[in-house]
Amino acid sequence: MEPFTLTINEVNYLVNLHSAFPRLFDVSNKDIFYTVGKTDAGNWVYVKHEPASAVIPLAEIGDAIDGYISDKQLFES
């Protein structure tokens with residue numbers, strides 16, 4: 001999966017697949033670096049982050065990642 005950019009609350013985040021199993025994503029910009037994932041219950045969680053990283057809107061970013069992946073799968077079908 002190619003890296004992609006999401007814009008949430010007028011802030012751009014670069015999203016890159018960190019691992020396929022478990023499916024984890026690196027989310028970064030000039031102020032943050034997080035690795036996030038989705039639990040079996042469907043909740044997005046922080047897996048790790050740089051200590052000085054600003055807080056991110058995890059739920060909104062997770063929903064946007066889900067939307068991007070769904071749209072990408074539709075176009076690849």
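This is a predicted model: local features need pLDDT of at least 70, side-chain atom pairs count only at pLDDT 80 or more; totals for chains, interfaces and linings use all residues.
Leaving aside neighbours within four places in sequence, the residues in contact with S53 are D31, I32, F33 and Y34. S53 itself sits in the loop between strand 5 and helix 1. Its relative accessible area is 13%, and S53 is therefore buried, the limit being under 20%.

From the contact list of S53, proceed to Y34. Y34 belongs to strand 4 (residues 33-38). With a relative accessible area of 5%, Y34 is buried.

A pair of aromatic rings is described by the distance of the centres and the angle of the planes. The count for this model comes to 3 aromatic pairs, and two of them are visited here.

Begin with F4 and Y68. Their ring centres are 3.7 Å apart and their planes meet at 10°; because planes under 30 degrees apart count as stacked, this pair is stacked. F4 lies in strand 1 (residues 4-8) and Y68 in helix 1 (residues 58-76), so the pair ties together parts that are 64 residues apart in sequence. Colour the two residues by accessibility: F4 is buried, with a relative accessible area of 5%, whereas Y68 is partly exposed at 26%.

The partners link distant parts of the chain, Y34 being in strand 4 and Y46 in strand 5 (residues 44-49), 12 residues apart. Y46 is partly exposed, with a relative accessible area of 38%.

Finally, clear the selection and switch to a cartoon of the whole protein. The secondary structure consists of 1 helix and 5 strands, and from the N terminus on the order of elements is β-β-β-β-β-α. Fitted along the principal axes, the box filled by the C-alpha atoms is roughly 40 × 25 × 20 Å.

The protein exposes about 5,100 Å², of which carbon and sulfur atoms supply 53%. Of the 77 residues, 32% count as buried. Among contacts between residues at least 6 apart in sequence, 21% join residues at least 24 apart.

Notes
Residues are numbered from 1 along each chain as its sequence is written. Side-chain values use heavy atoms; hydrogens and water are left out. Rings of Phe, Tyr and Trp (its six-membered ring) pair if their centres lie within 6.5 Å; planes under 30 degrees apart count as stacked, over 60 as edge-to-face and the rest as tilted. Helices (H or I, at least four residues) and strands (E, at least two) are DSSP runs, numbered from the N terminus. Buried means under 20% relative accessible area, exposed over 50%, partly exposed in between (1.4 Å probe, protein chains only). Contact means heavy atoms within 4.5 Å. Accessible areas come from the Shrake-Rupley method with a 1.4 Å probe; for residues, only the protein chains shown count as cover.
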